[in-house]
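Good morning, colleagues. Please have the display open before you.

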Amino acid sequence: MQLEVIGVGGAGCRIAEAIRRSDPAEHSFVADAFAFDTDSASRVGLEAIPDSHRHRYGETSEGGLDGNLQRGLAVGEEYVDELSRRLDAGSPSVADAFLVAVGLGGATGGGTVPHLVGNLQTLYDAPVYVLATLPARRELEPPPGNDGRADADGHVRPMAEENAVRTLDRLDGLANAVICFDNESWLKRGETVADVRDRLNRELAARVAAFFSATADAGGGADGAAETIVDASDVGRILGSGTDVATIGYGTQRVETDGGGSRFGLGLFSSEPSVETSEAVSAVETSVGKALRGKLTLECEPANASRAMLVVGGPPAWLNRRAIADGRRTIESATGSSEILGGDAPRPDGEDVFAVVVLAGVDPVSRLEALRSRTRPLDRGRRDA
Ligand SMILES: Nc1nc2c(ncn2[C@@H]2O[C@H](COP(=O)(O)OP(=O)(O)OP(=O)(O)O)[C@@H](O)[C@H]2O)c(=O)[nH]1
Ligand SMILES: [Mg+2]
């Protein structure tokens, strides 16, 4: 499947850039990547997204909107048509889906994304998925011992949690699904989002790429093509259309690849290196286990998931069918759901076996419940701002 990836605001633009960089040449799923921000400073470091696909808007707001969501919403409303027109530099009308990246907590992304998602839903038939980060608690206050100031560009964002909840509320009923990445749980002690955002964005992009690149494969089972291919409609079924929350798990296992075989493929002898069945089974089991029980992009109770998708990929000789089927049963019993889709992603040049698990409809999520409980009730769901 082919995605139009659109980043809005500082975080959104950086995440769109990271996804574009992670897009594999051979199974490319990014048709276009765009970066929209009110702040010209966020262009710094954007290299994979061409100039034609970057746009600064909201002329009065040089330097961003500094967390003022009210203004963000007004600017978003005013400029949404302009932004939608900018997408014509790509190929939005043939996209299989839109992936709109945003850092929840700010004003630019949080204010524009609800308007943009609504607009895309009326302009195009393709589903609109939002990829959203949740703010870390430590962003709310200045770091201790710093005269009440935040470090270089690690803004203090006292409104981050409230903004995040309000933007999520506004997306309800507009976005097909919201794939979450929780900054809080991906930060280590003492780290700030500003310090380690490139690492966070790489981690997130790796998961997004592992999942969506499997949907860009050719099927058929022969010559390293996927045997069970996942496509845009499978993704649509799992992510749904009711603004359900989704989370991604990812696990990899380094394996011994026989360089003379599949990697160079010119030898007269086996084009498939021989792999012990037991080793292949164990590599698949291990990566599925890591994906399911390792750190998810948003921690949740797998048992709460309504639907799930498992993709297992790697060098073809390692993709043991029986182990992949077992992996699916593992996901089935962990989620208690029967709506599980699975696919495989042969990577003849790969050096790892990997598994990606997408859990969807995972509400209630304790982290989101906590965010909501800390938000002043009056502001919840208020749509007149
Ligand atoms: N994972 C990740 N999160 C980020 C990054 N940058 C910011 N964030 C998070 O996203 C939230 C919003 O920050 P920005 O995206 O900079 O905000 P904005 O949309 O530009 O809005 P304003 O700057 O307020 O106009 C922050 O509170 C952080 O939690 C990033 O590069 N990666
Ligand atoms: Mg900004």
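Is arginine 54 buried or exposed? Please bear in mind that we are looking at a predicted model. Arginine 54 is buried, because its relative accessible area is 15%, and the cut-off for that term is under 20%.

As to its location, arginine 54 belongs to strand E3, which covers residues 54–56. Its side chain meets two backbone oxygens. One is that of leucine 46, reached at 2.7 Å; the other is that of isoleucine 49, which lies 2.7 Å from a polar atom of the arginine 54 side chain. Beyond its neighbours within four places in sequence, arginine 54 is in contact with Ala35, Arg43, Leu46, Glu47 and Ile49.

I now turn to the ligand. Ligand 1 is surrounded by 22 residues, and the closest of them are Ala11, Gly67, Thr108, Glu139 and Asn201. By class, that shell comprises six nonpolar, eleven polar and five charged residues.

Which helices each supply at least two residues of the shell? They are H1 (9–22), H3 (108–123) and H6 (193–214). H1 gives the most, with four residues.

Backbone atoms also approach oxygen atoms of ligand 1. A polar backbone atom of glycine 10 is 2.8 Å from one such oxygen. For aspartate 66, a backbone N or O atom lies 3.4 Å from an oxygen atom of the ligand, and for glycine 109 the corresponding distance is 2.8 Å. Of the 640 Å² of accessible area that ligand 1 has on its own, the protein covers 94%.

Thank you for your attention.

Terms used: Residues numbered from 1 in each chain as written. Chains lettered and ligands numbered in written order. Predicted model: local features only at pLDDT ≥ 70, side-chain atom pairs only at ≥ 80, totals over all residues. Heavy atoms only, no water. Buried < 20%, exposed > 50% of the residue type's maximum accessible area, 1.4 Å probe, protein only. Polar contact = N/O pair within 3.5 Å; in protein donor to acceptor, adjacent residues only side chain to side chain. Contact = heavy atoms within 4.5 Å. Near = heavy atom within 4 Å. Areas by Shrake-Rupley, 256 points an atom, 1.4 Å probe, with all protein chains shown as cover. Nonpolar A, V, L, I, M, F, W, Y, C, P; charged D, E, K, R; others polar.
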